[in-house]
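Welcome! Please take a moment to look over the sequence and the structure before reading on.

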Amino acid sequence: MKRQMLQWRALPRPTTLFGLLYLHVALHSALATTPSTGDEGYRIAIIGGGIGGTFAAKYLAEYDVHHRGENQRSECLLREIVVFDVSPPPGETASSTSQGDDSGTNTRSSSDPRPRHSQGSRVSSLTLRDGSVIELGASIIYSGNQLVVEMMKGDSEYLVRGKPMGLGNKKVVEKAHDGTTKQENTDNKQEPSGFGIYHGDQQWLLNPSIFSSFPSMLRSILKPVYFMWRYNFDYFRLQRAVKQAVRAFDIVYALLHDTEKDVTYFENPMDMWSAIGLKSLAGISFHAFLDELGLSRDTRLELSRPALGGEVSWWRNWRRWFPGMGCLRSELVTAMTINTYNQDLNEMNGLVGLVAYVPAGGDLFSIEGGNYKLMTSAIRQANKMYETSNCSMTAKLPRVQRHQKTITTLVSSEEYMELFSNDESLGSFDIVILATPLQMCRIRFLMHSPMNLDSAILHEMPLTGVHDNVDPEDINHVFSISSSTRTQNNEHGERSFAGPLPPSATTPYSECMIVSHSPFAYMSFFITKMVMKHFPASVVTTIISNVTFNASHFGLSDDMTLPRTILVSERGRLLGGITTLRILSAEKKLVKTFSTEPLDKDALNVMFGPHHVVDYVQLWGGGNNSEFSMFGGATPSFRGGHNSESLPYLLYDGAAHWGKSTGPALYYVNAIESAVAAIEISAIGAKSTAKLVARRVGLITPRSVALHHEEL
């Protein structure tokens, strides 16, 4: 099969579709024919080297190598899997530039070096000069995350469980195993312990010092009893809902591993959520879901009154009249969602709210040496499968590769898709998998016309498919014209148009309800209803060393045991700007903060003393920098369930568009993030996408098509 490669020249970047059309006409003379690649197998490109992209590569290799017997084939069908990412392979770069202040230190992120406009993978780790490793993004893994745990079992010597949210330092762990390191004295009053919920203005909803005077053994007994007393029935109601959700996820894993039944191949994430009974949760706010569970609500702790109904009746809030009792929803649940997603319960949907709360009662950990090692291991495991198989190797390079390239353009023809990094052609591929959010990728998706128009002209790719134009005004306009001119063809066909993208694919990540940080903002709540709007909001990770913790700033005395983790209420976030503060090491005087905007020097001096050192700052979208607000972000904006409509995993089907039995295709791993986002969710999206691709190219073949989702 002969393929044509576009030889792009250094021409001005077009800003409109017409500019693109003229650009491609100018480049038509530069079209060249390359030698046929023959029938040596499919080439698959994956754009994005995070969890979604690297896990998809591993799953594709698994389907290619381990499922040959099922399809009665002796050879592997994938010639090459190429992962492209803006960052180098994690852990393989030796240089980076500190993003801190005038400390003059050099620290290394697993995403460095990278283009200035790119935030890198949301699973990113920072290595300090002493070898300590700190998670900058997604920090914890739940023991029930089956796909991540399976990945760890496949590389158990490299992927080792470590302390959750703590310092990852393999050397220290090894010394501890040898008995040569000093054991931590948990009875030391100065050693941080537990967590608290800060309400701003030196007030606490959950006081971390309540058990500070007790020995550690007694504290471990009293704390669970205290939480059961404080939250009583609400605690058990929410735990029961979480257990039901965990059982539903167990069904997800069974469906993903089943390759025989056609019904287990989900074309759309919502089909999967529907199959396990969780779809309805994705379409309502977390507040609405908690209302259905019957959890009490204390609107005095919220910055905006409920739109309907107001606060629940007094008899439902009898807890406020008993000493030591609080409101689980307005305290712990709100603090956890702000910590994980920087969104309150009105902004979260029911599904992502449950997922955020699941780790509260589970076994948590991080990967020793950095969670980024999951991505490195996925590529390594994929290549190991090919190396230990009897598949013939047709190339000198590993079958699965990872390259540091910024993809700027994708051009699809009837036979293949070609990728470009500015004016550099990166080759042609049969399948392209997009494993980064559409909002962030900054890629132009273009295609040749299937309507026998000038092949030199490119058109925008219809990512939502092609639909008949059913707009009444347009239809009336068409049929008011004489019959000889009623047929209105365009690049997609007769009266056919590409539909708009859903909000989940266009809304900036990390967008949330933002109010003024004026000191009068909270006061104005009591005077008049505050106007709250959606804006792109930063999530900023700051690593600070040489800290002298100012306990009095938070209303604590110096002789109190400091909390290891400080969570915040809605009011605490508004007044302080911090969403989480974590004391990583009291001995090393090392702190990590998450905040809604970069912390200024005055605020840092007040909290951490004048001699603090900012080692690293990671900005996840938002802020006043439009470049980051448009093309970055930590988590999707769920809008209380209004953004739950998702794109299908198959964004563009070249075979269907060109009216042929075969053709190129574009898949989208991050379609699953319309309803929920987490490390394990990215792995589920990768598995779902890889499964669809494997079926398309014949790596796996379902044998049963009789079941329906309702029967699962």
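This report looks at cysteines and at one helix.

## A predicted model

Keep in mind as you read that this is a predicted model.

## The disulfide

How many disulfides does a search of the whole structure find? The search finds one. The partners are cysteine 76 and cysteine 391, with their sulfur atoms 1.7 Å apart. This pair links distant parts of the chain, since its two cysteines are 315 residues apart. To find them, look for cysteine 76 in the loop between α2 (51–66) and β4 (78–85), and for cysteine 391 in the loop between α11 (373–387) and β13 (400–404).

The link between cysteine 76 and cysteine 391 is right-handed, with 40 degrees about the S-S bond. Both cysteine 76 and cysteine 391 are buried.

## Two further cysteines

Are cysteine 327 and cysteine 441 buried or exposed? Buried means under 20% relative accessible area. Cysteine 327 has a relative accessible area of 6%, so it is buried. Cysteine 441 has 13% relative accessibility and therefore counts as buried too.

## Helix α9

Now turn to helix α9, which covers residues 329–341. Eleven of its 13 residues are buried, so α9 is largely enclosed by the rest of the structure.

Conventions:
Residues are numbered from 1 along each chain as its sequence is written. This is a predicted model: local features need pLDDT of at least 70, side-chain atom pairs count only at pLDDT 80 or more; totals for chains, interfaces and linings use all residues. Side-chain values use heavy atoms; hydrogens and water are left out. Buried means under 20% relative accessible area, exposed over 50%, partly exposed in between (1.4 Å probe, protein chains only). Helices (H or I, at least four residues) and strands (E, at least two) are DSSP runs, numbered from the N terminus. A disulfide is a pair of cysteine sulfur atoms within 2.5 Å.
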